[in-house]
Amino acid sequence: MSRRKLQSLIIEKGVYLALIGSVGLFILYPYIVIFYEGLIVEEGGLISYLGENWQLLKNSLFVAGLTTIFSLFFVICLTVCFIFLGKKLQRVMRLVFLITMVSPPFVTALAYITLFGMRGLITHDLLHLTYNPYGPQGIIMMQTMSYASLNTLVLMGMVKNIDPTIIKSARSLGATPDAIIKDMFLPLLKPGLIVVALISFIRSLADFQTPTIIGGNYRVLASEGYFAVISQGDIHKAALINLTLCIPALFFFYFYTKYEKKIAQQNHGLEQGNLSLPRKGFSFYGSSVISILFIFFMTAQYMAIAINAVTVKRGGKLFLSLRPILESRDYIDGIVLRTIVYSLIAGFVGSLLSFLIIYFSQVKGSKVMRWVELVGTLPYLLPGTFFGLGYLYAFSSGPLKMTGTALIVVLNVTFKQLAFATKAARAASSQIDDTYYKTVHDLGGFTINEWQDVFFPMSKQGFALTFINGFISTMTTIGSIIFLITPGQKMLTLVMFDVVQRGKYGIASVLAWLIIFICLAVAGVIYGGLKLSERRRFHVS
């Protein structure tokens, strides 16, 4: 065996084992530990906790159920409206919803208080009403708005992959737009609708930020788990609560994987094109009205946050002021740079790990790595606080003690994003023809040469996408790290969450826009760099 081949083999096996070990240690091990700790009966087990707190579970299921139903209704309306639009309007609509991806998860709750609070711009200033915004109605309303916009982006991606010849054939046979929507589009979108409904239900169960901010006296399991750690210091109780939340999440996991496979099979190999339907019929007018109202309300949210960031209220009236911006400097000193650095590291390392996992799983056909990929989806499907508590249990003592350090935060946000990153990596890798890998070996190359000359260069767009998503998810995350952050490692979303709870909505609005601008700027730089490199390559060729 030649020296080069031996070196390549050692590196390949080393990376392979490192991937298995890292995913096992930083994803599977924390879950095993917290499942074990949560099921300890010495301080009261899961069954006894459920018996004593049955009302909390009912509240959580009630909110999650209604949020899922309402968000699904808006998703269907928005997606149907999207189908009727031309390319330019579709692009505008997609850009509007992309803003929600770069927003902190509880920014809708902040906007809700600003618009509909006791001194809200709409309820108090415009309508002169005294309205109590706190309670289940606020939680359901804001979760619906947040999840509907994100889920619509998923369905838009499915619409792009529907073969336009199917629609042309139906129209040539005289089918009306309403009939096409009812008999063709909705059945084709059914797997995607089921997936986004399951995701909405699980996310609502795990959301503690919105109930904490606008829930008032209405208690749900997720917010109770947050207060168990923050207010009571009872980690065992928090583990029991999160274990309770995992039961429905694991139950729906089977259906999620089943219908996600159907989406992949349905989209594979289909011609992409513009689906043009005549703008008439009940489907068009009904979905357009609902979509306009939804987009108007969503726009009003961000306008309210913008107004909050540059105004102060005196005598019940708004006055332009730089005070919120100036006061916010005391809260973000040193935190902005730390958040950006953490996000850059997590985005790059998470993308690299995901692409290497897919390389061994898809290119090399490793069955073990497919199980590693499955384990990597757990942080996405289970409550974020559950993942954070797992780290708190697993790495608070012994030789792996990391609590109180920046490393535990970076590791948590890095491995939390593997679920999405591996899916994007699989999509990018599937576009590379196997002939390229064979050519490398025919020319005497090894695995390292495959990485250098084929795999990473030909999937750089997918790598950029996963990097941007990893960066944005770290910039906007809060659930999985809220129990791991010490005062010396605070990030922007946590500072924003703190000032919202203190009622300093102006400062919170400034921080929200700062996070949005940073995410958009980094995404713009990455995409701009990709386009520039593509133009240079085209010019040279």
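Where is serine 396 found? In this predicted model, serine 396 lies in the loop between helix 18 (384-394) and helix 19 (406-416).

With residues up to four places away in sequence set aside, serine 396 touches Tyr391, Lys401 and Thr403.

## Aromatic pairs

The structure holds 31 aromatic pairs. One of them joins phenylalanine 26 and phenylalanine 395 in a tilted arrangement, at 5.8 Å centre to centre and with 45° between the planes. This pair links distant parts of the chain, since phenylalanine 26 belongs to helix 1 (residues 3-38) and phenylalanine 395 to the loop between helix 18 and helix 19, 369 residues apart. Phenylalanine 26 is buried, at a relative accessible area of 14%, and phenylalanine 395 is likewise buried, at 0%.

Phenylalanine 35 and phenylalanine 386 make another pair, with ring centres 5.4 Å apart; because their planes stand at 85°, the pair is edge-to-face. Here too distant parts of the chain are linked: phenylalanine 35 is in helix 1 and phenylalanine 386 in helix 18, 351 residues apart. Phenylalanine 35 counts as partly exposed at 25% relative accessibility, whereas phenylalanine 386 is buried at 0%. Elsewhere, ring pairs link Tyr16, Phe348, Phe355, Tyr359, Phe360, Trp451, Phe455, Phe456 and Phe463 into a cluster.

Serine 103 has a relative accessible area of 6%, so it counts as buried.

The side chains of serine 103 and tyrosine 302 are joined by a polar contact of 2.9 Å. Apart from neighbours within four places in sequence, serine 103 is in contact with Tyr302, Thr476 and Ile516.

## Cysteines

A disulfide is a covalent bond between the sulfur atoms of two cysteines. The count of disulfides in this model is 0. Cysteine 81 is accordingly in no disulfide, and the nearest cysteine sulfur, that of cysteine 77, is 9.2 Å away.

Cysteine 81 is buried, with a relative accessible area of 8%. Cysteine 519 is also buried, at 0%.

Which residues of helix 8 (residues 164-172) are buried? They are Pro164, Ile167 and Ala170. These residues cover an arc of only 120° around the axis, and therefore lie on the same side of helix 8.

The buried residues of helix 8 pack against helix 9 (177-206). On the other side of helix 8, Lys168 and Ser172 are exposed. Just after helix 8, glycine 174 adopts a positive phi of about 90°.

Terms used:
Residues numbered from 1 in each chain as written. Predicted model: local features only at pLDDT ≥ 70, side-chain atom pairs only at ≥ 80, totals over all residues. Heavy atoms only, no water. Helix = DSSP H or I, 4+ residues; strand = E, 2+ residues; numbered from the N terminus. Contact = heavy atoms within 4.5 Å. Phe/Tyr/Trp six-rings, centres within 6.5 Å; stacked < 30°, edge-to-face > 60°. Buried < 20%, exposed > 50% of the residue type's maximum accessible area, 1.4 Å probe, protein only. Disulfide = S-S within 2.5 Å. Polar contact = N/O pair within 3.5 Å; in protein donor to acceptor, adjacent residues only side chain to side chain. Arc of directions from axis to C-beta.
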